[in-house]
Amino acid sequence: MVFKIKEVNNEEVNIVDQLLTKLIIDEGKSYDENINLEYKVEGFYQKYLGNEDMKILVAVDDKGSIIGYLFGFIENNGKVYRNSVAKIDALYVEQFYRGYGIAKELVNYFEKWCKVKTIMYIEIDVCKENAIAYNMYKQKGFSPFRINMRKKIKK
């Protein structure tokens with residue numbers, strides 16, 4: 001599988017919105033009953049283009065088609081933390097292209113950007129049932145840090 005990782009441009013950003021919609025639907029179908037499967041993302045990532053503290057990366061196949069993406073940013077936490085923290089907010093690879101190391105390469109590229117920005121930590125939230133993503137992040141050196149808990153209120 002031939003692909004390259006690059007920063008998204010203005011002409012491609014709407015495709016990334018479409019991939020975010022797919023990510024949301026995948027999470028709703030597989031992991032989170034509270035997600036609205038009818039929701040469609042429009043114009044979300046456009047406002048982040050050019051922001052030096054945010055990074056939108058795309059994986060592009062040999063024909064120039066976007067087959068995956070990662071969105072991450074530097075957290076603005078004031079002086080709470082002693083060291084800077086970045087967050088991977090979204091990572092998605094089209095179903096057909098999974099298993100080729102694309103997600104790993106997106107994370108690698110983001111990590112290189114973080115090093116240039118002198119970021120000490122990268123954080124990500126992963127659905128606990130998403131074993132494939134969880135294991136990939138563990139292979140990349142991530143480890144469990146916090147637990148996000150939820151309680152459903154019965155009527």
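Student: Which backbone nitrogen does the side chain of Asp-32 reach?

Tutor: The side chain of Asp-32 reaches the backbone nitrogen of Asn-34, at 2.9 Å. This falls under the heading of a polar contact, defined as a pair of N or O atoms within 3.5 Å; within protein, one must be able to donate a hydrogen and the other to accept it, and residues adjacent in sequence count only if both atoms are side-chain atoms. The model is predicted: local features need pLDDT of at least 70, side-chain atom pairs count only at pLDDT 80 or more, and totals for chains, interfaces and linings use all residues. Residues are numbered from 1 along each chain as its sequence is written, and side-chain values use heavy atoms, with hydrogens and water left out.

Asp-32 is located in the loop between helix H1 (13–30) and strand E2 (54–61); helices (H or I, at least four residues) and strands (E, at least two) are DSSP runs, numbered from the N terminus. Asp-32 counts as buried because its relative accessibility is 15%, where buried means under 20% relative accessible area, exposed over 50%, and partly exposed in between (1.4 Å probe, protein chains only). Apart from neighbours within four places in sequence, Asp-32 is in contact (heavy atoms within 4.5 Å) with Glu-27 and Arg-150.

Cys-114 counts as buried, since its relative accessibility is 1%, whereas Cys-127, at 24%, counts as partly exposed. The whole structure contains zero disulfides (a disulfide being a pair of cysteine sulfur atoms within 2.5 Å).

As for the whole chain, three helices and five strands are present, in the order β-α-β-β-β-α-β-α along the sequence. The radius of gyration of the chain is 16 Å, close to the 15 Å that the globule rule gives for 155 residues, so the chain is as compact as a globular protein of that length; the radius is taken over C-alpha atoms, and the rule is 2.2 Å times the number of residues to the power 0.38. Buried residues make up 39% of the 155 residues.
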